[in-house]
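Please open the model in your viewer and keep the sequence beside it. This tour goes from the whole chain to its inside, and then to its surface and some paired strands.

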Amino acid sequence: MEQPIKILIVEDNVIIADDMQSMLEEIGYEIVDNVIVYEQAVEVLKNNQVDLVLIDIILASDKTGIDLGKHIRDNYNIPFIFVTSNSDRATVENAKTVKPNGYLVKPFEQQDLYTSIEIALSSFNYSEKGDNTNNEDGEEKLMSNSVLKDSIFVKKQHLYYRIQFGDIQFIKADNVYLEVNTVDKKFLVRSPLKDYLEKLPQNKFYRAHKSYIVNVDHIDAINSKDIMINNTLIPISKEFKEFIISAMNS
């Protein structure tokens, strides 16, 4: 089942923080917590799943937002965005040392916040901790190619959803798009089938046919030419049929 992006807000101005939370929840993001100091943020990150952090550079603590950015870079593989009233060169240069995934200057509108978050999520490289590379192809690649330990992000309308690998039943190639099928939803992803297969757990997902990837845990029935997953008949290759029969007999 898909889950909304989980965001931590670290902002010591309570009015601004509450306003940000309202804007984010209206868009459809989930707020994990809304805290004012470095120490609280460290604790929330330690005990919760967080997909992105919004950080005010100046906090009501000895340690700054830049210190928190460094802590995230050293310990977590997630993007963060600096939110600040200061856009002077010295502040920006200092902030750049921890490689933030965005820089948002107050005051800002809901659309600015949404755009900054989506760009940060789409361009973040989850494959290597601390490595943040920009995606030159923008919307063409986006979060559909972003993988976490137990899940993958896919885009539906204006949000990126985290889909647990176990909830994916099968994936069908359709021209330049892939149709990712879960129990109750379908998502369109722009990717070659072969590339997408490489992002999925090798012990669960297999190329059943030139146009299909299947999660073997969801196979309900099999005959000489097809398998059935959630009342959908999926053609299978000779090689996959032999593999499945061998697995059933072992």
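Helices (H or I, at least four residues) and strands (E, at least two) are DSSP runs that are numbered from the N terminus. Colour the chain in this way, and you will find 7 helices and 15 strands. This is a predicted model, in which local features need pLDDT of at least 70 and side-chain atom pairs count only at pLDDT 80 or more, while totals for chains, interfaces and linings use all residues. Residues are numbered from 1 along each chain as its sequence is written, and side-chain values use heavy atoms, with hydrogens and water left out.

**The inside**

Of the 250 residues of the protein chain, 44% count as buried, where buried means under 20% relative accessible area, exposed over 50%, and partly exposed in between (1.4 Å probe, protein chains only). A nonpolar core is a set of buried Ala, Val, Leu, Ile, Met, Phe, Trp, Tyr and Cys residues joined through side-chain atoms within 4.5 Å. Select I7, I9, L24, L52, L54, L113 and I117, which have the most contacts inside the largest nonpolar core, a set of 21 residues. At least two residues of this core come from each of β1 (6-10), α1 (14-27), β3 (52-56), β4 (80-84) and α5 (110-123), and α5 gives the largest share, 5 residues.

Next, centre the view on L113, which, leaving aside its neighbours within four places in sequence, is in contact (heavy atoms within 4.5 Å) with M20, M23, L24, L54, L104 and F108. Then select L45, V50, I78 and A95, which are included in a second, separate core of 20 residues.

Now show the side chain of Y177, a residue of strand β9 (residues 177-182). Is Y177 buried, partly exposed or exposed? Y177 has a relative accessible area of 36%, and therefore counts as partly exposed.

**Paired strands**

Finally, select strand β13 (residues 221-222) and strand β14 (residues 226-229), which run antiparallel and are joined by 2 bridges; two strands pair if DSSP finds at least two bridges between them. These two strands, β13 and β14, form a hairpin with 3 residues between them, and I222 has I227 in β14 as its bridge partner. Moving on to strand β15 (residues 232-235), you will see that β14 and β15 also run antiparallel, joined by 4 bridges, and that I227 stands opposite I234 in β15. In this hairpin of β14 and β15, with 2 residues between the strands, look for N230, which takes a positive phi near 50 degrees.
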